[in-house]
Amino acid sequence: MKSHHFAAALAALFGLAACAENPMAPATGASNTVISQSLARGAASPYTFTRIDVPGAFQTVPSGINADGVIVGWYFSGTGCPGAPCAVKGFILKDGAFTTVVYHNQLTGTDAALTQLRGVGPSGEIVGSYRMAGEPAVNFHGFIRTRGGEFVPVDYPGHTSTIAQRILPDGTILGCYHDTDQMLTMHGIWKDKNGFSAVERATTMNNGGTPSGRTVTGLFTDMPGTAGEKGRGYVIEDGVFTPFGSDFTTAWDMNPARTIVGWFEEAGTSNIHGYVLEHWRVADGELSGTYTTIDFRLPSGGNAAYTDVFGINASGDIVGKFREAATGPFHGYVATR
């Protein structure tokens, strides 16, 4: 069922550490990305792709990129991957060099069993999530990593889990909190100089926004627990919540130009494609805009079996992951226009 599919996909994402009738359908004539990691810059495509693999990693998941081209994410390593023991650690990719990051609890002197770097601000501050050894798999805790490398916890008061997904130029943090599960108890959050606030609607997760915070995008489950349940994207602009997308759509980031990125499931299949949504507007409660479908092109000439988009910066560069076949590890990529 789609409902189980969407919930399972969101859980997997956290563990990897969610036409006029169908606004999520890519626009007619939208360009598929056709550049492989060969960096053939003369090809006729809106993006040039570069593959990202942390050396020695089983799989690599880029999640965010800032205007300076600094990329953050997480990777899996260990002889037992994808099962246990398989360590999940954060990474920073800057000027071609990888740096591993593991959340360290200064009070107990212990390292986290799981660290995910999810977003990087224009000044280099990084937000992410971690889980300590022995905690239930549903648990996550948020943090900021300062430019000096210090970890500052980010925990929504009164709730079990917090995921810090993005940090805006003024320091506002976007993400979600949840308790007993990663769906029905999940609410999108903001943390700014005035403290925490949350989206009243359950099943939401705030994933990206404009520098002012006036416009935010994210994902939610529409009509949870019913036959019409859908995973969809949303925008919140001046307090107005507008959903968009088909039966299975996520929105994972937004840049200062209000370009939204995410992924969708192709109608009637289980195929996942990334998308870039530009020049969108809301009229009469409906969102419309220009979509470009994103598929990583393999050296063999075909498209990857799975492609998503997790992050976008002010220049329009995007990051995400792809899978060459229906099963197997994920690889990261960065795509520049």
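**Strands and cysteines**

Reply: Gladly, and please keep in mind that this is a predicted model.

Me: Which residue of strand 9 is the bridge partner of Leu117?

Reply: The partner of Leu117 in strand 9 is Gly128, and on the other pairing Gly128 has Phe143 of strand 10 as its bridge partner.

Me: How many bridges join strand 9 to strand 10?

Reply: There are 5 bridges between strand 9 and strand 10 (residues 141-145), and these strands also run antiparallel.

Me: And what sits between strand 8 and strand 9?

Reply: The two strands form a hairpin with 5 residues between them, where Gly124 takes a positive phi near 105°.

Me: Is strand 9 enclosed or open, and why?

Reply: Strand 9 (residues 126-131) is largely enclosed by the rest of the structure, because 6 of its 6 residues are buried. Both of its faces are covered, with Ile126, Gly128 and Tyr130 buried on one side, and Val127, Ser129 and Arg131 buried on the other.

Me: New topic: which cysteines form a disulfide?

Reply: Cys81 and Cys86 do, with their sulfur atoms 2.0 Å apart, and the structure holds 1 disulfide.

Me: Why is it called right-handed?

Reply: The disulfide of Cys81 and Cys86 is right-handed because the torsion about its S-S bond is about 90°.

Me: Is Cys81 buried or exposed?

Reply: Cys81 has a relative accessible area of 14%, so it counts as buried, the cut-off being under 20%. Cys176 is buried as well, at 0% relative accessibility.

Terms used. Residues are numbered from 1 along each chain as its sequence is written. This is a predicted model: local features need pLDDT of at least 70, side-chain atom pairs count only at pLDDT 80 or more; totals for chains, interfaces and linings use all residues. Side-chain values use heavy atoms; hydrogens and water are left out. Buried means under 20% relative accessible area, exposed over 50%, partly exposed in between (1.4 Å probe, protein chains only). Helices (H or I, at least four residues) and strands (E, at least two) are DSSP runs, numbered from the N terminus. Two strands pair if DSSP finds at least two bridges between them. A disulfide is a pair of cysteine sulfur atoms within 2.5 Å.
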